[in-house]
Amino acid sequence: MAQQTRSLEDRAQTWPRWLRDLVADWSSDQQTFKVNWGKAMMWIFIVSDMFVFGSFLSAYAAARLSATLPWPDPAKVFALHIGESEVPLLLIAIMTFVLISSSGTMAIAVKYGYERHRAKAALFLTLTALLGLTFVGMQAFEWTKLIREGFRPWANPMGAPQFGSSFFMITGFHGLHVTAGVIYLATIASQVLRGAYEKIGYQRVEIAGLYWHFVDLVWVFIFAFFYLF
Amino acid sequence: MSHHDHHQSFWTRYIFSQDHKVIAIQYTVTALFIGLVGLVLSWLMRLQLGFPGEFRFLNPGSYYQILTQHGMIMIVYLLTAILLGGFGNYLIPLMIGARDMAFPFLNMLSYWVYLLSVIVLVAAFFVPGGPTGAGWTLYPPLSALPNAAPGSGWGIKLMLVSLVIFIASATMGGLNYVTTVLQCRTKGMTLMRMPLSVWGIFIGAAMALLAFPALFVGGVMLLLDNLLGTSFFIPAVTLFGQQLPREGGNPLLFQHLFWYFGHPEVYVVILPAMGIASELIATHSRKPIFGYKAMVIAMAAIAVIGFLVWAHHMFVSGMNPYFGFFFAVSTLIIAIPSAVKVYNWLLTLWRGKIQFNTPMLFGIGWISTFIIGGLTGLPLGNVIADVPLHDTYFVVGHFHLVMGVAALMAIFGGIYHWFPKVTGRMFNETLGKLHFWVTFVGAYMIFFPMFLLGILGVPRRYFDFEALQYLPTQTAGLNIVITIAALIVGAAQVVFLVNLIWSAVRGRRAESNPWHATTLEWQTPTTPPPHGNWGAETPTVYRWAYDYSVPGAERDFIPQNVPATPTVPAGTARTV
C-alpha cells in the first residue's frame with residue numbers, strides 16, 4: 001500500500017537534479033521563473049517573434065520551390081564590382097560582420113551596466129546602436145543598388161519575380177527590427193546616462209540585449225538561406 | 001506596491017484606464033457591439049437562403065461580402081477578443097491574487113489598438129466597392145486578383161490591414177496574460193492550485209502567441225500581392241482567355257499559413273471557454289471539479305496536438321495521401337483529451353447539488369453543444385468522409401455548434417456568473433432563463449437541420465440552389481425553418497442586452513459572494529473590486545480552487561484563502 005501511494009516528492013528524490021529544479025520552479029507559487037517581469041516578457045516575445053520569422057522563411061522556401069521561372073543565382077546578384085574583378089557576397093559579409101560585432105559590444109554594455117559603470121555602459125550601448133545603424137545604412141545601399149539594376153518586388157531581370165518579392169519583404173522586415181532596436185538602444189543609453197537605473201537596477205539593459213541578440217541571430221538564418229544557397 | 005486612486009480624473013479612470021477591470025469591460029462591450037453587427041449579417045444571409053429572391057437588396061456579390069464579414073467578425077473580433085481581452089483581463093489578476101496585469105500600460109494599449117482594428121474593419125463597409133467578399137478564409141487567387149471578388153479594391157486591403165492591427169493588439173495582450181500568470185501569482189498560489197479558467201485562458205493566450213504569427217505573415221504577403229503586384233500566391237491564371245502577366249505563385253502556401261493559424265485559433269477560443277465552463281459546472285453543482293490534473297493535462301495536450309492538425313481543413317485542396325493520413329490521425333487523436341474533459345464535466349455533475357440557475361443552464365448547454373459539435377467533427381477528420389461532406393452544410397453545422405454556439409454558451413454563462421462581481425448587482429433571473437432556453441433550443445433548430453442538408457448534398461457558400469436539380473424539395477422547407485429560428489434566436493439576444501443594461505443600473509444589490517464560490521475573485525474586500533483589487537494586503541492561498549462540499553466542513557465551500565482549520569478532520573479534505 002505504502003509502495004503505491006508514494007508521493008511525488010518521494011519519487012522526485014531519484015530524479016536528476018535539473019529535472020527536480022524544473023519541477024520545483026514550475027510548481028512553486030508567485031513566480032515560475034526567478035527573473036523580473038520584463039525579462040520574462042521579452043523571452044516570451046522572442047519566442048513569438050521567432051514564429052514570425054520562421055513563417056517568413058518557410059513561406060520563402062515554399063515560394064522558391066514552386067517558382068516557375070529560374071531562381072537567380074545569389075552569388076551573381078549580390079556581387080560587388082571592385083575595379084576589374086567581381087567579388088561575390090562582399091557587402092553582405094561586411095554587413096554580417098558588423099551586426100555580429102554589435103552583439104559583442106552589447107554583451108560588454110550589459111557587463112558594465114551590472115558593474116554600475118554608467119559612462120562605459122552608455123558608451124557601449126551607443127556603440128552597439130551605431131553598429132546597428134551602419135548595418136541599416138549598408139542595407140539601404142544594397143537595396144538602392146539592386147533597384148538601380150532593375151530589381152523590383154514584382155519583377156527582376158534575372159529570373160523568378162518571387163526572388164525580389166521575398167528579398168525585399170524579408171530583409172525589409174528584419175531591417176525594421178534593427179531600426180526599432182537602434183531606437184530602443186538609444187533610449188536605454190540615455191536612461192543609463194541619466195542614472196535612471198541606479199535605484200531599480202540594470203536589468204533593462206540586459207532585456208534590451210536579449211532583443212538585440214535575437215535580431216542578430218535571426219540575421220544569421222536570413223543570411224544563410226538567402227545569400228548562401 | 002501602493003495605488004493612488006485619488007488623483008485620477010474621469011478620463012484616466014474610465015477611458016484611458018490602466019485598470020484591468022475597466023479594460024476588460026471595454027473589450028467586452030466593443031466585442032459584443034461588433035458581434036451584433038455579425039449577427040445582423042447572419043440574418044441577411046438567412047433571409048436569402050430561406051426566401052430566395054424575396055429580398056431584392058441581396059445579390060450574389062453582396063451575399064459573399066456578408067458571408068465573409070460574418071465569419072471574420074465572429075471568430076476574430078468577437079470570440080477571440082471577448083475571451084482573451086474580456087474574460088482574460090477581468091479574471092487573471094483577480095483569480096491569481098494579483099493587483100493588476102504585469103504591464104498595465106501595455107494592457108491599455110492593447111485595447112486601443114484592438115478598437116482601431118475594429119474601426120478599420122467597419123470602415124470597409126463604407127468604401128467604394130464595399131468590404132471584401134473573398135470568403136472568410138481569404139483564399140487567393142480570389143482574394144489577390146483585381147476584380148475577382150466583390151470588394152477586391154479597398155475592401156480586401158482594409159481587411160488585411162485590420163487583421164495585422166488586430167494581431168499587434170493580440171500580441172500585446174497575450175504577452176501580458178502569459179507573463180502575469182507565470183510571474184504575478186500571490187503567496188500560496190501554485191500553478192496546480194489555479195482555477196481552470198485561468199489555465200484555459202493562459203494556454204489559449206500562449207497558443208495565440210504562436211499561431212497569430214502565421215496569419216501575420218500570410219496577411220502581409222497577401223497585402224503585398226494586392227498592393228505591390230507581387231505574385232506570392234498567384235499561379236499562371238487565364239482569365240477570359242487572356243493569360244495574366246503574373247505567374248509562379250503558390251496559392252496552397254496561403255492555405256497552409258492560414259490554417260496553421262486557423263486551427264490553433266479554434267483552441268484559442270475553446271480552451272478559455274472550457275475553463276469558464278469548468279468554473280460554472282463545479283460552482284453550481286457544489287462539487288469539486290472531477291479530475292483537476294487530468295483537466296489541465298488534457299488542455300495542454302489539446303494545445304500541443306492542435307498545432308499538428310491544420311491540413312485537415314485542406315483535404316479537398318489536394319495533398320500527398322501520406323500527409324492526409326498523418327493529419328487525419330492527429331485530428332482523431334485530439335478527440336481523446338476532448339473526451340477526457342467531457343467525461344470529467346459529466347462526472348462533476350454526477351450526484352451534485354445542481355443549482356439550475358442561469359449560469360448553470362449555460363454550463364450544461366455548453367456540454368451539450370460541445371458534444372454534438374465535437375462528435376460531428378469526427379467524420380470530417382477522416383479524409384474519405386470529408387471529401388463528399390467538405391463543401392456542404394454539414395461543415396457549417398459542425399463548426400457553428402462546436403466553436404460558435406458552444407463558445408457562446410460559455411461566454412453567456414460566464415457573463416451571468418461574474419455579472420454580480422463586475423457590477424455589484426444581480427441580473428434578472430427570469431430574463432436570463434428566457435434568454436437561455438430560446439438561444440439553446442433555437443441554436444439546435446438552426447444547426448441540427450444543417451447536418452441533414454449537408455448529407456443531402458446542399459453546397460455551402462451558395463447564393464441560391466435553383467440550378468441544382470438533384471436536391472429534394474424538402475431542403476427549401478428546412479431552410480425556411482432554419483431562417484425563422486435564426487431570426488428568433490437573434491431577437492433573443494436583445495433580451496440579454498436589455499437584462500445586462502437594466503440590471504447594471506437598477507438590479508438588486510449583490511452580496512460579494514452570491515454563488516458561494518471558492519475562488520479568489522469572490523473574496524475581494526469590496527464589490528465591485530477597487531483599483532488594486534485587494535486593499536492593503538494581497539490574499540494568501542492555502543488550498544486548491546474547488547473545495548466544495550468538503551465532508552465535515554461548516555459550509556459547503558471553503559474559499560482558497562481560508563487556512564486549514566481543525567473543523568476539517570484530517571484526511572478528508574482534498575489537498576493538491
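Student: Hi! Before we look around, where do the domain bounds come from?
Tutor: Domain bounds come from an automatic or database domain assignment. On that basis, chain A is divided into domain 1 (1-30) and domain 2 (36-228).

Student: How far apart are the C-alpha centres of those two?
Tutor: The C-alpha centres of domain 1 and domain 2 of chain A lie 43 Å apart.

Student: Okay, and what kind of model is this?
Tutor: This is a predicted model, where local features need pLDDT of at least 70 and side-chain atom pairs count only at pLDDT 80 or more, while totals for chains, interfaces and linings use all residues. Residues are numbered from 1 along each chain as its sequence is written, chains are lettered from A and ligands numbered from 1 in the order in which they are written, and side-chain values use heavy atoms, with hydrogens and water left out.

Student: What's the mean pLDDT of chain B?
Tutor: For chain B the mean pLDDT is 94, and 97% of its residues reach 70 or more. pLDDT is the predictor's confidence in each residue, from 0 to 100. For the complex, the predictor gives an ipTM of 0.92 and a pTM of 0.94.

Student: New topic: which residues does a cis peptide bond join?
Tutor: B:Pro140 and B:Pro141 are joined by one, with omega about 0 degrees. B:Pro141 is in the loop between α4 (104-123) and α5 (154-183) of chain B. Helices here are DSSP runs (H or I, at least four residues), numbered from the N terminus, and strands are runs of E, at least two. The peptide bond from B:Thr527 to B:Pro528 is also cis, with omega near -5 degrees, and B:Pro528 is in the segment after α16 (474-506) of chain B.

Student: And what about the phi of B:Asn533?
Tutor: B:Asn533 has a positive phi of about 70 degrees although it is not a glycine. This residue lies in the segment after α16 of chain B.

Student: Is B:Asn533 buried or exposed?
Tutor: B:Asn533 counts as buried because its relative accessibility is 0%. Buried means under 20% relative accessible area, exposed over 50%, and partly exposed in between (1.4 Å probe, protein chains only).

Student: What about A:Gln30?
Tutor: A:Gln30 has a positive phi of about 60 degrees and is not a glycine. A:Gln30 is in the loop between α2 (17-26) and α3 (37-66) of chain A, and counts as partly exposed at 32% relative accessibility.

Student: Let's go to helices. At what angle do α10 and α11 of chain B cross?
Tutor: The axes of α10 (residues 335-349) and α11 (residues 358-375) of chain B cross at roughly 145 degrees and come within 11 Å. Axes are lines fitted to C-alpha atoms, for helices over the stretch in contact, and angles run from 0 to 180 degrees between N-to-C directions.

Student: Which residues make the contact?
Tutor: Among them are B:Trp345 and B:Leu349 of α10(B), and B:Trp366 and B:Phe370 of α11(B). Contact means heavy atoms within 4.5 Å.

Student: Last one: what does B:Ala486 touch?
Tutor: Not counting residues up to four places away in sequence, B:Ala486 touches B:Trp43, B:Arg46 and B:Ile446. B:Ala486 is in helix α16 of chain B and counts as buried at 10% relative accessibility. B:Ala486 and B:Leu39 are 447 residues apart in sequence and 9.4 Å apart in space, C-alpha to C-alpha.
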